[in-house]
Amino acid sequence: EPPDPRARILRLDPGLAFGTGSHPTTRLCLEWLVDTIAGGERVLDYGCGSGILAIAAARLGAGEVFGTDVDPQALAASEANARANGVRARFAAPEALPEGAVDVLVANILANPLVLLAPALAARARPGAAIALSGILESQEAAVAATYSRWFTLGAARRRAGWVLVPGLRTG
């Protein structure tokens with residue numbers, strides 16, 4: 001049992017996928033999700049790895065949760081971890097995701113892929129949607145922020161151990 005009675009326990013077997021909850025970027029994303037999910041949101045975890053962020057969103061009350069990854073082993077691990085945690089989340093390759101925009105989008109990948117994926121991620125976020133971009137070193141923050149400022153109003157970055165999470169809201 002966790003020492004904090006408000007804590008939620010997630011059980012994960014990442015297999016070969018990224019995402020055990022111990023990396024600073026994952027911790028930043030989990031904290032952001034706690035602050036962001038109010039209940040009922042449609043959520044996309046882009047680059048889901050083990051599924052930890054999608055599972056956390058579902059446990060926090062998101063209404064519809066999707067995760068995507070280019071690695072089939074990550075998708076299999078995510079599905080197994082969602083079942084183990086008793087949550088409903090759907091996992092698919094990016095090209096197999098259902099149509100439609102989301103209310104909350106979290107992408108904990110690396111800075112270069114984030115920059116390349118900016119138009120695709122912006123297209124997945126409805127106007128007013130919250131986004132969290134992580135997997136970014138402090139030295140890469142300005143480049144990622146400059147790219148996403150075309151579509152998002154960015155907030156104050158969250159920092160931990162040399163890593164950054166850049167939050168934002170979809171404009172237009």
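A nonpolar core is a set of buried Ala, Val, Leu, Ile, Met, Phe, Trp, Tyr and Cys residues joined through side-chain atoms within 4.5 Å. The structure shown here is a predicted model, and its largest nonpolar core has 28 residues. Those with the most contacts inside this core are Trp 32, Leu 33, Ile 37 and Val 65. Two or more residues each come from helix H1 (24–36), helix H2 (52–59), helix H3 (72–84), strand S4 (102–108) and strand S5 (125–137). Helix H2 gives the most, with 7 residues. Apart from this core lies another, of 24 residues, among them Phe 66, Ile 136, Val 144 and Tyr 148.

Helix H2 comes next. Because 7 of its 8 residues are buried, H2 is largely enclosed by the rest of the structure. The buried residues are Ile 52, Leu 53, Ala 54, Ile 55, Ala 56, Ala 57 and Ala 58. They pack against helices H1 and H3 and against strands S1, S2, S3 (90–92) and S4. Just after H2, Gly 61 takes a positive phi of about 110°.

The structure holds 6 salt bridges. In one of them, the side chains of Arg 42 and Glu 64 meet at 3.0 Å, N to O. This pair links distant parts of the chain, with Arg 42 in strand S1 (residues 42–46) and Glu 64 in strand S2 (residues 64–68), 22 residues apart. Arg 42 is buried, at a relative accessible area of 16%, whereas Glu 64 is partly exposed, at 32%.

Another salt bridge joins Arg 126 and Asp 103, with 2.5 Å from N to O. Arg 126 lies in strand S5 and Asp 103 in strand S4, so this bridge ties together parts that are 23 residues apart in sequence. Arg 126 is partly exposed, with a relative accessibility of 32%. Asp 103 also counts as partly exposed, at 23%.

A further bridge is formed by Glu 141 and Arg 159, whose closest N and O atoms are 2.8 Å apart. Since Glu 141 belongs to helix H5 (residues 141–148) and Arg 159 to strand S7 (residues 158–160), the pair ties together parts 18 residues apart in sequence. Glu 141 is buried, with a relative accessible area of 18%, while Arg 159 is partly exposed, with 47%.

Salt bridges that share partners join Arg 42, Glu 64 and Arg 90 into one network. Arg 90 has its place in strand S3 and is partly exposed, at 48% relative accessibility. Apart from its neighbours within four places in sequence, Arg 90 is in contact with Glu 64, Val 65, Phe 66, Gly 67 and Pro 98. Val 65 is one of the residues with the most contacts inside the largest core, and Phe 66 is among the residues of the other core. Arg 90 and Leu 75, 15 residues apart in sequence, have their C-alpha atoms 9.3 Å apart in space.

Arg 124 is buried yet has no salt bridge. The nearest side chain of opposite charge is Glu 99, 5.3 Å away. A salt bridge needs the side-chain nitrogen within 4 Å of a carboxyl oxygen. Leaving aside neighbours within four places in sequence, Arg 124 is in contact with Leu 44, Pro 94, Leu 97, Pro 98, Glu 99, Gly 100, Ala 101, Val 102 and Leu 105.

The last stop is at the aromatic rings. A search of the whole structure finds 1 aromatic pair. The rings of Tyr 148 and Phe 152 have their centres 6.0 Å apart and their planes at 45°, so the pair counts as tilted.

Note on methods
Residues numbered from 1 in each chain as written. Predicted model: local features only at pLDDT ≥ 70, side-chain atom pairs only at ≥ 80, totals over all residues. Heavy atoms only, no water. Buried < 20%, exposed > 50% of the residue type's maximum accessible area, 1.4 Å probe, protein only. Helix = DSSP H or I, 4+ residues; strand = E, 2+ residues; numbered from the N terminus. Phe/Tyr/Trp six-rings, centres within 6.5 Å; stacked < 30°, edge-to-face > 60°. Lys, Arg positive; Asp, Glu negative; His and termini not counted. Contact = heavy atoms within 4.5 Å.
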